[in-house]
Amino acid sequence: MAEAEEGLLGRSGRVVVTAIAINATNCVFKLFAWLYTGSHSMFSECIHSLADTINQIILAYGTHKSIQIADSFHPYGYTNMKYVASLISGVGIFCVGTGLSFYHGISGLISPEPMEDFYWAYFILGGSLVSEGSTFLVALNSVRKGARTSNMSVRDYITRGQDPSVNVVLLEDFAAVIGVPVAASCMAVSSITHNPISDAVGSLLIGCILGSVASFTIYTNVTALVGRSIPQGNLDKINAELESDVMVRAIHDVKAIDMGNSLVRYKAELDFDGRELTRMYLDKQELNALLEQVIKFKNIDQLEEFMLRHGESIVDMMGGEINRIETKLRKKHPEIRHIDLEIL
């Protein structure tokens, strides 16, 4: 939670900022390589890096915004901004990256043009593979740390989109690490055969890779924004802690929603033990004094006043017990940011 709340200075933020710097540099070099060679595959790689850079700037904004303090318009805070930014990023990858790659690849198939020498393009692709591979390893390391903190497997951590900003960086750079060899191979085949068709096919293949990444990114973030439950194992632990309290006989209609930034909103209906609550109240009273008051009752009005006074005190005690239970839950499960307990 501490890491999540540091915004761009936290673990996720550092990964995103690092990715922005590296992808922006790669985009510039790939642009020059495309202008020099006219390669369709290199154009796709340039667009890929440009889309990654723009998307990660959006992610940086979402990461920064997600730690903004709750206000009257957003009483539960802005934690979902990470998912919103990641969703926009996924749509951007699909529209810009996949769309332009497909367009350029199809154009190359329909109207092939003579190609220039790819010599310098291979060096730029090699440098891109090293830099984007480094970013991929940084993002993967962050995912592993997050998975250990959340007691989840790396696979579940990624598929559930627990850290959407790092997830997008990881998947984009994974696509880049795969896309660079694809582009280089297709360019090499075109150079050897002196046929630009293979280079155009490389652009289509890169478009397919980007489309797959974009589809997965959109799916995981839409699922989170709609309202996704926390893992069942974590929910069972919270429920067991609540049911073990002496004041709770049973719990019903339990809901625990992942709010993002490793924060949870928990809601449950409680079957409160009225006898236990009353017993606790009476333990704090002088029973002999109460008995004397009851014996002296002369009419119904005195009985009513007695019941109203002590009934109000018992209800106040119930409020205190609910606060105690919420405090205990937060202490045992610090990921719970908001608790809504309703008395049946």
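Start at the second largest pocket, which has a volume of about 300 Å³. A pocket here is an open set of points on a 1 Å grid over the protein atoms alone, where a 1.4 Å probe fits, with protein on both sides within 12 Å along at least five of seven lines. Its volume is the space filled by probe spheres set on the points, which are joined across faces, edges and corners. This is a predicted model: local features need pLDDT of at least 70, side-chain atom pairs count only at pLDDT 80 or more, and totals for chains, interfaces and linings use all residues. Residues are numbered from 1 along each chain as its sequence is written, and side-chain values use heavy atoms, with hydrogens and water left out.

**Stop 1**

Select Tyr76, Gly77, Thr79, Asn80 and Met259. Of the 18 residues that line the second largest pocket, these are the closest to its centre. Lining residues have an atom within 4 Å of a point. Now colour helix H3 (81-110), helix H7 (197-227) and strand E1 (248-260); each supplies at least two residues of the lining. H7 gives the most, with 4 residues. Helices (H or I, at least four residues) and strands (E, at least two) are DSSP runs, numbered from the N terminus. By class, the lining has 10 nonpolar, 5 polar and 3 charged residues. Ala, Val, Leu, Ile, Met, Phe, Trp, Tyr, Cys and Pro count as nonpolar, Asp, Glu, Lys and Arg as charged, and the others, Gly among them, as polar.

**Stop 2: Thr217 in H7**

Stay on helix H7 and pick Thr217. Thr217 is buried, at 2% relative accessibility. Buried means under 20% relative accessible area, exposed over 50%, partly exposed in between (1.4 Å probe, protein chains only). Leaving aside neighbours within four places in sequence, Thr217 is in contact (heavy atoms within 4.5 Å) with Ser86, Gly90, Val168 and Leu171.

**Stop 3: H2 against H6**

Show helix H2 (residues 40-65) and helix H6 (residues 164-193). They pack at an angle of about 175 degrees, with their axes 10 Å apart. Axes are lines fitted to C-alpha atoms, for helices over the stretch in contact, and angles run from 0 to 180 degrees between N-to-C directions. H2 and H6 are therefore roughly antiparallel, a term for angles over 145 degrees. Residues making the contact include His48, Asp52 and Leu59 of H2, and Val169, Ala176 and Cys186 of H6. By class, this contact has 10 nonpolar, 7 polar and 3 charged residues.

**Stop 4: two residues in H4**

Move to helix H4 (residues 119-149) and select Glu132. Is Glu132 buried or exposed? Glu132 is buried, with a relative accessible area of 1%. Beyond its neighbours within four places in sequence, its contacts include Asn23, Lys30, Ser49 and Asp173.

Next, pick Ser142, also in H4. Ser142 is buried at 4% relative accessibility. Outside four places in sequence, Ser142 is in contact with Arg11, Val15 and Val166.

**Stop 5: positive phi**

Most residues other than glycine have a negative phi. His194 has a positive phi of about 55 degrees. Find His194 in the loop between H6 and H7. His194 is exposed, at 70% relative accessibility.

Finish on Asp253, in strand E1. Asp253 has a positive phi of about 50 degrees. Asp253 is partly exposed, with a relative accessible area of 37%.

Methods: Angles under 35 degrees count as roughly parallel, over 145 as roughly antiparallel, 65 to 115 as roughly perpendicular and the rest as oblique.
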